[in-house]
Amino acid sequence: MLMRHWQALEAALLAGKTITPEQALSLADHPETAHLAAVAGVLRDRGFNNVVTYSRKVFVPLTHLCRDVCHYCTFARTPKKIDQAFMSVEQVLDLCHQGARLGCQEALFTLGEKPELRYSAARTALERLGFADTLSYLRHVAARVLEETGLLPHINAGCMTAAEIAALREVSASMGIMLESASTRLCEKGMPHYGSPDKDPAVRLQTLELAGRAAVPFTSGILIGIGETRRERIESLLALRAVHERHGHLQEVIVQNFRAKPGTLMAASPEPDLNELLWTIAVARLIFGPAMSIQAPPNLSPGVLPQLVAAGINDWGGVSPLTPDHVNPEAPWPHLEQLARETAAAGKFLDQRLTIYPAYACAPERWLDPGLRTAVLRLSDAGGFARRDDWVPGEERPIPSLEARLLRSDPPDAAVSAEIRVIVDRCRDGADLSEAEIARLFQARGDDFAWLVRAADALRQAVNGDTVTYVVNRNINYTNVCYFKCQFCAFSKGKHSEDLRGLPYDISAEEIAGRCTEAWQRGATEVCMQGGIHPDYTGQTYLDILHTVRAATPDMHVHAFSPLEVSQGAATLGIGIEAFLERLKEAGLNTLPGTAAEVLHDEVRELLCPDKLNTAQWLEVIESAHRAGLPTTATIMYGHIDQPHHWARHLWHVRELQRRTGGFTEFVPLPFVHMEAPMYLRGRARRGPTFREALLMHSVARLVLHGLIDNIQASWVKMGEQGVAACLAAGVNDLGGTLMNESITRAAGSGHGQEWAPACMEEQIIAAGRLPRMRTTLYRDVPPARRQAAFGAVPLAVVDNAPASKRARSKRLVPMPAVLADCAAPDRASPVYEQVMLMASCN
């Protein structure tokens with residue numbers, strides 16, 4: 001009978017159902033830990049894949065004084081046994097600064113329960129510090145830590161009122177209180193909670209309820225082995241589940257095993273054995289299901305950590321490289337390298353999180369006080385995990401050590417999540433992919449990440465061989481004046497952005513012609529032209545630009561005008577998108593850059609670029625261009641406020657449009673460069689993607705777009721030399737253009753220069769063990785004369801970005817004087833050319 005009941009319960013759990021309280025209580029009679037753990041492990045993997053997390057923390061014991069007298073505790077002490085009642089602000093800050101230098105991101109404040117209610121020494125100390133009570137002082141110290149060290153406070157302050165929770169929410173990213181047990185029996189005389197008013201389960205559950213109402217990311221859990229029964233453990237877990245079901249605020253449930261400590265009333269009490277711990281972990285997972293983080297402290301179970309993972313945990317809690325576990329001082333933290341090895345022995349990857357868990361960090365409007373949101377953004381990656389290296393796009397920094405090690409590894413298929421292998425196989429077969437499947441690829445970490453990158457590069461090898469292409473081109477950004485208010489843009493100049501680097505400019509037709517001429521002399525086959533949306537520009541402006549380019553360089557490929565410019569140009573002429581595209585094509589436009597896409601998800605666009613084209617409008621312009629016979633690129637600008645599911649939607653849109661039109665020539669990931677970006681300076685964006693995310697964007701694009709878009713490009717101006725080299729081993733086969741005058745990314749703060757000349761480009765490609773090939777915009781071979789000119793190019797002349805005037809300058813070239821008309825390729829550096837251009841501009 002029992003076996004049939006368990007089989008039915010197992011089937012329900014594996015079918016995704018939540019077990020009822022009655023079903024949960026029936027587990028108290030289930031003796032087979034191995035059976036429970038097997039199902040718990042499956043559920044854990046559904047929620048957390050191959051990842052087990054920890055938080056790198058500093059343990060701050062603000063005070064050891066406590067009004068409670070738990071019979072197993074050595075943390076709480078009487079005034080006679082301590083040197084000072086409270087740590088000073090200076091002591092706390094010094095400790096946290098040390099921790100920050102060691103990579104810590106959490107300050108765990110642990111303290112006794114309201115000692116001023118019991119000890120005059122606590123009241124006196126607080127009075128000298130200038131505070132009425134412990135929690136007021138705690139709030140002050142936590143605020144200083146947040147402001148001065150960058151660590152995120154996590155507060156374990158015991159039982160609190162709604163007002164106290166609200167005050168502490170303003171200075172902490174998370175809080176917690178261990179329920180320990182919902183059994184009132186443990187509060188009776190002779191039991192461990194006797195004489196401890198704050199251990200009344202009703203009082204502790206009320207704090208949990210109030211925290212939920214206040215939307216505080218919260219930690220709780222149970223303590224096993226202090227005299228409770230298995231049924232009472234289950235009742236405690238069900239009490240926690242009930243409050244979580246009302247508010248959704250429990251980040252984690254801790255299963256902590258009692259450790260007997262000398263000098264306590266329970267010094268001789270037996271500790272729970274390993275089977276009891278594993279049984280309880282498994283039951284906790286079954287009760288809470290796949291989504292809840294289940295934690296077990298690693299320092300309390302040395303030597304058996306892989307077994308804890310197998311039982312269903314996905315988190316080790318806080319681990320400090322600096323401070324001891326002041327609650328369990330007899331149990332030192334494992335070294336992080338050892339913890340990573342033991343986690344790997346269980347088939348999992350150890351990754352770092354913040355004190356606020358990823359799902360909560362990714363929903364800051366609900367779970368964080370506004371004063372905490374910037375701090376969390378600065379410390380987190382796109383998935384809400386801890387950002388644990390200082391690599392950023394736009395700066396030449398070494399590849400982070402973790403990713404470098406993973407990229408050197410060659411994990412066997414057996415070490416990789418089955419789900420990842422299945423999705424990659426579907427990519428190879430060209431199968432339809434859901435957004436959820438694409439998003440799962442972006443979640444790859446550890447061995448999953450290393451294997452996926454290798455799989456993408458193997459696909460590149462099969463499609464493109466060892467050839468890496470690039471095009472000799474020139475970027476011409478004709479104006480940085482723009483009336484749109486994109487939050488990420490450090491290039492444009494408008495009423496609200498004049499304080500950013502550079503002055504407003506608007507170049508003349510003569511300057512455009514001169515730059516095109518010089519580019520042709522230097523071997524270019526393409527000019528790439530885009531600019532801000534100047535309030536005076538109309539559709540005729542863009543037609544005039546084409547006329548000017550064609551007059552100066554008839555054979556130049558013109559790759560110009562973002563979908564936003566096309567849309568704006570058509571609107572100003574009062575004609576449709578398709579009609580305007582036909583006019584642009586007739587005037588000499590060859591292809592369009594698929595920029596202004598940013599992230600094709602309106603949830604992101606509403607914050608990032610609210611007055612820009614929405615997703616449907618961008619796709620409409622691009623599809624119209626393809627129908628008009630104008631190929632385009634496809635881009636994504638990522639790493640700011642976006643998340644993996646947004647990237648998945650973007651790639652899905654690109655993939656589906658390419659199925660219909662076949663008009664995309666390449667996919668170009670553009671990592672967000674943060675340094676001068678307005679939204680970053682205002683504390684509203686991350687500092688670009690992490691290196692892992694940047695590499696994954698190229699690899700996942702290769703996989704998802706396989707059979708549809710053969711060319712995946714890396715932006716050297718954003719990724720830098722080492723980043724480009726890594727991308728070439730991650731699915732990339734193209735390095736884009738030499739650029740000559742890159743200005744948009746440099747305006748955002750990039751330090752990678754404005755040109756990679758052909759010699760530099762080929763040197764980078766050869767250094768990566770690949771074969772360089774100079775191409776045209778449409779990936780054809782360039783004529784020998786163009787290659788010869790490119791390798792014989794003289795240094796660029798200094799560009800003239802003429803300051804913007806009240807009205808936009810004409811972009812249509814006046815007839816060229818005879819002295820220059822006879823010259824096939826005028827020398828821009830010659831005095832005659834300069835004089836004539838000056839005269840022409842005056843006209």
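Q: How many aromatic pairs does the structure hold, and what counts as a pair?
A: The structure holds 10 aromatic pairs. Rings of Phe, Tyr and Trp (its six-membered ring) pair if their centres lie within 6.5 Å; planes under 30 degrees apart are stacked, over 60 edge-to-face, and the rest tilted. One of the pairs is Trp391 with Phe691, which is edge-to-face, with 5.2 Å centre to centre and 80° between the planes. This pair links distant parts of the chain, 300 residues apart: Trp391 sits in the loop between α15 (370-379) and α16 (401-408), and Phe691 in helix α28 (residues 691-704).

Q: Before going on, what kind of model is this?
A: It is a predicted model, in which local features need pLDDT of at least 70 and side-chain atom pairs count only at pLDDT 80 or more, while totals for chains, interfaces and linings use all residues. Residues are numbered from 1 along each chain as its sequence is written, and side-chain values use heavy atoms, with hydrogens and water left out.

Q: Where does pLDDT stay under 50?
A: pLDDT is the predictor's confidence in each residue, from 0 to 100. Where it is low, the predicted coordinates should not be read in detail. The chain averages a pLDDT of 92, and 93% of the residues score at least 70. The value stays under 50 over residues 494-499, which have four contacts (heavy atoms within 4.5 Å) beyond four places in sequence. It also stays under 50 over residues 818-826, with 12 such contacts.

Q: How do α17 and α19 lie relative to each other?
A: Two packed helices are described by the angle between their axes and the distance between the axes. Helices here are DSSP runs (H or I, at least four residues), numbered from the N terminus. Axes are lines fitted to C-alpha atoms over the stretch in contact, with angles from 0 to 180 degrees between N-to-C directions. For α17 (residues 418-428) and α19 (residues 447-464), the axes come within 11 Å and cross at roughly 10°. The two are therefore roughly parallel; that word covers angles under 35 degrees, with over 145 roughly antiparallel, 65 to 115 roughly perpendicular and the rest oblique.

Q: Which residues make that contact?
A: Ile420, Arg421, Val424 and Arg428 of α17 meet Asp448, Trp451, Ala455 and Leu459 of α19.

Q: What about α23 and α25?
A: The axes of α23 (residues 577-587) and α25 (residues 615-627) come within 9 Å and cross at roughly 50°, which makes α23 oblique to α25. Ile577, Glu578 and Leu581 of α23 contact Val621, Ser624, Ala625 and Arg627 of α25.
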